[in-house]
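Please examine the sequence together with the structure, and then follow the explanation below.

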Amino acid sequence: MTSNELINLLKQKNLLREIDEKLDVNLEIPHIAYVEAKKENQKVLLFTNPVDKEKGIEYDTPVLMNIFNKDTLKLIFNNKELDEIAKEIEGLLKPKKPKTFMDKIDGFKKLWKMKNVFPKEVKRGICQDVVITENIDLESMPILKTWEQDGGKFITMGQVYTKSLDGEKVNLGMYRLQIYDKTRLGLHWQIHKDSNHFFHEYKKAGKKMPVSIAIGGDALYTWAATAPLPIGMNELFLYGFIKEKPAEVVKSITNDIFIPKDVDFVIEGYCDPEEMEIEGMFGDHTGYYTLKEPYPVLNVTAITHKKNPIFYATVVGKPPLEDKYMGLATERIFLPLLQTQAHDLVDYRMPENGVFHNLILCKIAPQYKGHSLQIAHALWGVGQMSFVKHAIFVDENAPELEDYVNLTEWILNRFDKKNILISKGVIDALDHSSSEALVGGKLGVDCTGEVVEKNVNIIDDDKLLETIKILDSDVIALKQYFTNTANPICVIQYKKTKPAKEVFEKLKALKEHLSIVVFVDEKQNYVNNPYMLIWRVTNNIEANRDIFIDDIIGIDGTNKSEIDGFKREWPDDVNCTKEVIEDLRKRGLINITDEEIKFFQIY
C-alpha cells in the first residue's frame with residue numbers, strides 16, 4: 001500500500017484529519033501531533049503546507065503523522081488481527097503431525113506461503129522517479145524539530161537499510177537521524193543494534209559502509225524496521241509473511257543496498273568509520289532527553305523520490321504516543337517467538353507508561369519453586385528483552401494482564417519481599433537512571449504464590465501526612481493506593497534536600513502503617529496521578545541503588561543528582577514549549593483542556 005493509497009483509505013474510513021494551514025516544522029507540527037496522540041479517538045494527521053518560518057521555506061511535500069493507532073493497525077497489518085498473525089507464526093514454530101489428508105494440505109499451504117518472505121528484486125521503482133545526485137539538499141525535505149532542546153531537526157521514521165561487510169547479512173532498523181547540513185546526517189546506532197555490529201566490521205576492515213534510508217511507502221515497512229528479529233535476518237521477511245506477498249526491492253542508485261520500490265524518499269550514502277560527530281540532544285520515547293554523544297555520520301550521495309512524495313514522521317516523548325501501538329504489534333506478534341525461550345510463559349504485556357523496556361508484566365504457568373526467576377533470567381538474555389529493567393510475574397489464575405487495577409490488587413496481595421530478585425545486566429543506551437551507562441540493575445518480583453497476610457493498619461491520608469511531617473518536614477504530600485490489599489502503596493512527595501534513603505530510614509518507625517513507600521520529587525509530580533507516576537518511577541529507578549528492603553519496602557523514584565552521589569548528567573523531562581501550545585490552542589489547531597495538560601505533563 002503506497003502512501004497515496006493509505007491516505008485515500010484513511011479518508012474513506014474517516015480516520016484522517018487534513019490541516020491546510022501553514023505550520024512550522026519547528027515545534028508547531030510535532031506539538032499538534034503530540035497532543036492528538038493523547039486523544040481516545042485520534043486521527044492520522046496530514047499537514048499539507050509545512051513551512052520553516054525561521055528559514056523562510058515553504059515545502060511542496062506534505063507531512064503524514066500518527067499513522068499507527070488503534071483504528072489503523074488492522075489496515076496496516078493486511079486486515080489481520082495481531083493475534084491472528086501470532087498464531088500463524090506459532091503454527092510454523094510448533095508444527096503438528098498431520099492426521100488427515102486435509103491436514104497435509106494445510107501444512108503444504110503454510111510452507112507454500114513461506115515463498116513470500118523473500119524480497120523480490122525488480123529493475124525499477126517509483127521511489128526513483130526523481131534522482132538527485134548533484135546539489136543535494138536534505139533541508140529541502142520537511143524534516144521536523146520536535147522539542148525545544150533538540151540538537152536540530154531529526155528524521156524520526158527512517159527505514160535504515162544496511163548490510164554486513166561480506167554482504168551475507170542485511171538489516172532494516174529504525175533510528176533517529178539528525179540533520180547536520182545539506183549533505184550530512186547523524187546515525188544514532190546504539191551499541192547493541194545490528195547496524196552498529198555491521199559498522200564495526202567496516203571499521204575493522206578500514207572500509208566505508210553503504211547505507212540507504214527510506215521514508216514512507218507501505219506503513220508496514222516502518223513497523224518492520226522496529227521488529228526485534230535475530231541479527232542478520234532481513235526484517236522484510238516479516239513484511240512478506242504478513243502481506244502474503246514478497247516486498248519488491250530495487251537497487252539504490254549510488255550503492256548496492258536494496259530498498260522497497262514504492263517508498264516515497266530514499267537517502268543514499270556511506271559512512272566513514274573514522275568520522276564521528278556529536279549527535280543530540282533529543283527528546284526520546286522515554287519522555288526524557290538523551291544526551292549528546294558521538295555517532296557515525298552519513299555522507300549523502302543521492303536523494304531519490306517518487307513524484308509528489310509524502311514525508312512520514314512520528315513524535316516521541318511522554319506516553320501515550322504512537323509508539324504505543326507499534327509496540328503493541330511487536331508485543332502480540334512476537335509472543336510465540338518469546339515462548340520458545342521461556343516455554344511456560346503464557347502471556348506478557350509492556351504497559352505504555354512503562355515505555356516498554358522499563359516494565360513488563362508476565363503471566364506464567366509455574367511448575368516448580370523459583371520457576372519465575374528462571375524465566376526472568378531467560379527473558380533478560382533474549383535480544384531486546386535483555387533491556388527490560390523490571391519484570392513482575394503472576395500465574396495463569398491471575399486477572400488479564402491488561403486489567404491493570406485488578407491485576408495490581410492480585411500482585412499486592414501476593415507480594416512478599418522474600419520473592420524479590422535484584423540482579424544486574426545490560427540496559428538500553430537511552431536509559432538515564434543507572435550510575436554506569438549501558439549496565440544497571442534488574443528487578444524481578446515473583447507474585448505467583450499464595451495470598452499473604454495483611455499486617456498494615458491503615459490510617460487516612462491526612463492523618464498519615466501529619467504524622468510523617470513530624471518525622472520529616474520536607475514531605476509535602478502523599479497518597480495511599482490499594483489500601484484494601486495486603487501491601488498498600490504510599491506515594492510520598494518531598495522537597496529533595498537529601499537522599500530519599502534518609503527519609504525512608506525515618507519512616508521505618510511507622511512500619512505498622514506502611515508497607516511499600518514510593519518517593520518522588522516536588523517538581524512536576526502529582527501524587528494523585530498514578531499513570532504518570534508509573535512512568536516517572538520506572539524511568540528513574542536503578543534496582544541495585546534505589547530499592548530499599550527492610551521492615552518496609554522503599555522505592556526511590558526521584559531525579560538523581562549530587563545529593564545522591566550521582567555522577568552522570570541527569571536529563572530534563574521532554575516538555576512541550578508552553579508558548580507554542582497556547583498559541584495553537586488560541587488558533588483552534590489543538591483541543592486540550594488545562595486538566596489534560598496537567599495530567600499528561602505537557603509542559
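The following paragraphs treat a packed pair of helices and then a set of paired strands.

This is a predicted model, in which local features need pLDDT of at least 70, side-chain atom pairs count only at pLDDT 80 or more, and totals for chains, interfaces and linings use all residues. Residues are numbered from 1 along each chain as its sequence is written, and side-chain values use heavy atoms, with hydrogens and water left out.

Two packed helices are described by the angle between their axes and the distance between the axes. Helices (DSSP runs of H or I, at least four residues) and strands (runs of E, at least two) are numbered from the N terminus. Helix 2 (residues 28-36) packs against helix 17 (residues 578-586) at about 75 degrees, and their axes lie 10 Å apart. Axes are lines fitted to C-alpha atoms, for helices over the stretch in contact, and angles run from 0 to 180 degrees between N-to-C directions. Helix 2 is therefore roughly perpendicular to helix 17, a term that covers angles of 65 to 115 degrees. In the contact (heavy atoms within 4.5 Å), helix 2 contributes Glu28, His31, Ile32 and Val35, while helix 17 contributes Val580, Ile581, Asp583 and Leu584.

Strands pair if DSSP finds at least two bridges between them. Strand 12 (residues 177-179) and strand 13 (residues 184-187) run antiparallel and are joined by three bridges. A hairpin of four residues connects strand 12 to strand 13, and Leu177 stands opposite Leu187 in strand 13. Strand 13 also pairs with strand 21 (residues 293-305), in the antiparallel sense and over three bridges. Here Leu185 stands opposite Leu298 in strand 21.

Note on methods:
Parallel < 35°, antiparallel > 145°, perpendicular 65-115°, else oblique.
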